[in-house]
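Please consider the following model as a whole before turning to its parts.

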Amino acid sequence: MKHFLTSILFVIGSTVLIFLGALSVSRTTRAAEKQVANTTPSAAAAKDDGTLFVEFVSVLRHPRCMNCHSHGDFPRQGDDGHPHTMNVRRGPEGHGVTAVKCSTCHQDHNLAGAHMPPGAPSWGLPPPSTPMIWEGLSDAQICRSIKDPKQNKNRNLDQLVEHLTEDKLVMWGWNPGEGRNPVPMSHDEFAAKVKQWRAAGAPCPADTGEKAEAVSPLMGGAQYGFGQR
């Protein structure tokens, strides 16, 4: 009889322990689900408020990019963005005018030597019909501008991402030749951020109405040779 009562008490105790364990797991699961529910909207909002674009817009503001996307009908040179020497002009297709064509000095690759003419395939400025000028624009304005087919040479979003991440002329910014500062963000990081932005729907940041700060010269000093960009 004593053995029988002991067995019953053991079964009851085990059942109670199992029930309490299941209750604890259930509470923990509900708490985790509640935490996810509370954080998910915030994460989604971060992707939708243009933060992803801001993470790589500094590349577009770098002198290696801005020197061909600034105000005026001419390219610029150096980290200080001074006008290109020899009175170079955009021309009807973005490749210079008359005898002063971009191809006169610039080839499809950098020439060896410090401050020698740089080069990449299709070297030149955007054409006057779509000059793609974003100097002085806010982050939001740049974002809208590069997404607008009327301003980006009729590119859709996938074509825009391909241009930003694979175009040889754009990629030159990471290999600008001796005597020039490359874009500081690695190309792999830049491409990953651009593609993440596209995957989120390419949201633009809110326009605060503030104008962008002027591009500051980078450390090292600007050189005024004809081969700068």
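Against which helices do the buried residues of α7 pack? In this predicted model, they pack against α3 (57–61), α6 (139–147), α8 (168–171) and α9 (187–199). Helix α7 itself spans residues 157–166, and its buried residues are Leu160, Val161, His163, Leu164 and Thr165. The N-terminal end of α7 is capped by asparagine 156, which places a side-chain oxygen 3.1 Å from the backbone nitrogen of aspartate 158.

The helix may now be set within the whole chain. The secondary structure consists of nine helices and four strands. Read from the N terminus, the order of elements is α-α-α-α-β-β-β-β-α-α-α-α-α. Of the 229 residues in the chain, 35% are buried. Where contacts join residues at least 6 apart in sequence, 68% of them connect residues at least 24 apart.

A pair of aromatic rings is described by two quantities, the distance of the centres and the angle of the planes. With ring centres required to lie within 6.5 Å, the count comes to six aromatic pairs. One of these joins phenylalanine 53 and phenylalanine 56 in an edge-to-face arrangement, with 5.0 Å from centre to centre and 70° between the planes. Both phenylalanine 53 and phenylalanine 56 are buried. Phenylalanine 53 also pairs with tryptophan 197; this pair is tilted, at 5.5 Å centre to centre and 50° between the planes. The pair links distant parts of the chain, since phenylalanine 53 belongs to helix α2 (residues 51–54) and tryptophan 197 to helix α9, 144 residues apart. Tryptophan 197, like phenylalanine 53, is buried. Phe53, Phe56, Trp174, Phe190 and Trp197 together form one aromatic cluster.

Asparagine 67 is located in the loop between α4 (63–66) and β1 (76–77). Is asparagine 67 buried or exposed? Asparagine 67 counts as buried because its relative accessibility is 3%, and the cut-off for a buried residue is under 20%. The side chain of asparagine 67 reaches the backbone oxygen of glycine 78 at 3.0 Å.

Note on methods:
Residues are numbered from 1 along each chain as its sequence is written. This is a predicted model: local features need pLDDT of at least 70, side-chain atom pairs count only at pLDDT 80 or more; totals for chains, interfaces and linings use all residues. Side-chain values use heavy atoms; hydrogens and water are left out. Helices (H or I, at least four residues) and strands (E, at least two) are DSSP runs, numbered from the N terminus. Buried means under 20% relative accessible area, exposed over 50%, partly exposed in between (1.4 Å probe, protein chains only). A polar contact is a pair of N or O atoms within 3.5 Å; within protein, one must be able to donate a hydrogen and the other to accept it, and residues adjacent in sequence count only if both atoms are side-chain atoms. Contact means heavy atoms within 4.5 Å. Rings of Phe, Tyr and Trp (its six-membered ring) pair if their centres lie within 6.5 Å; planes under 30 degrees apart count as stacked, over 60 as edge-to-face and the rest as tilted.
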